[in-house]
Amino acid sequence: MNAKRVPPFSQGEHNGNAKLTPAKVREIHALWATKAHSREDLAKRFEVSEHTIWAILSGRLWRHLFPGKQGHSLRYGEGHAGHKLTE
């Protein structure tokens, strides 16, 4: 039985539907770090949805630009801020 091969997932600007570039994603992170901008402000400025901004800041999108960095929602177990159980 031959299994179908799934083509590799295109990340970031290699995805044909990408509206952002790595430089813009880094700028989003930098602007967010100043605490002077809301997700809504950033979404309007970069012409993407608020959900996209949330996904970038949480590490669900464009995470390959920030190796080793995890968004709070991507941490499991004791690494998660809301953990209740320990090993």
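Contact is taken here to mean heavy atoms within 4.5 Å. By this criterion, residues 24 or more positions apart account for 38% of the contacts in the protein with a separation of 6 or more. The model under analysis is a predicted one. The protein contains 3 helices and 0 strands, and its pattern along the sequence reads α-α-α. Of the 87 residues in the protein, 25% are buried.

Two packed helices are described by the angle between their axes and the distance between the axes. For H1 and H3, the angle is about 85 degrees and the axes lie 10 Å apart. Angles of 65 to 115 degrees count as roughly perpendicular, and H1 and H3 are therefore roughly perpendicular to each other. On the H1 side, the contact is made by Val25, Ile28, His29 and Trp32, and on the H3 side by Ile53, Ile56 and Leu57. Classified by residue type, this contact of H1 with H3 comprises 6 nonpolar residues, 1 polar residue and no charged residues.

Helix H2, which spans residues 39–46, has Leu42, Ala43 and Phe46 as buried residues. These residues lie on the same side of H2, because they cover an arc of only 100 degrees around the axis. The elements covering the buried residues of H2 include helix H1 (22–33) and helix H3 (50–58). In H3, the buried residues are Ile53, Ala55, Ile56, Leu57 and Ser58; H1 and H2 are among the elements that cover them.

In soluble globular proteins, nonpolar side chains tend to be buried together. In the present model, the largest nonpolar core has 13 residues, and those with the most contacts inside it are Leu20, Ile28, Phe46 and Ile53. At least two residues of this core are supplied by each of H1, H2 and H3.

Glutamate 40 is located in helix H2 and is partly exposed, its relative accessible area being 39%. The C-alpha atom of glutamate 40 is separated by 9.3 Å from that of histidine 51, a residue 11 positions away along the chain.

The backbone was also inspected for positive phi values. Lysine 35, in the loop between H1 and H2, has a positive phi near 60 degrees, in a residue other than glycine. Lysine 35 counts as exposed, at 77% relative accessibility. A further case is glutamate 47, a residue other than glycine with a positive phi near 55 degrees. Glutamate 47 follows H2 and is placed in the loop between H2 and H3. With a relative accessible area of 63%, glutamate 47 is exposed. Just after H3, a positive phi of about 90 degrees is found at glycine 59.

Note on methods:
Residues numbered from 1 in each chain as written. Predicted model: local features only at pLDDT ≥ 70, side-chain atom pairs only at ≥ 80, totals over all residues. Heavy atoms only, no water. Buried < 20%, exposed > 50% of the residue type's maximum accessible area, 1.4 Å probe, protein only. Helix = DSSP H or I, 4+ residues; strand = E, 2+ residues; numbered from the N terminus. Arc of directions from axis to C-beta. Axes fitted to C-alpha atoms, helices over the stretch in contact; angles between N-to-C directions. Parallel < 35°, antiparallel > 145°, perpendicular 65-115°, else oblique. Nonpolar A, V, L, I, M, F, W, Y, C, P; charged D, E, K, R; others polar. Core = buried A, V, L, I, M, F, W, Y, C linked by side-chain atoms within 4.5 Å.
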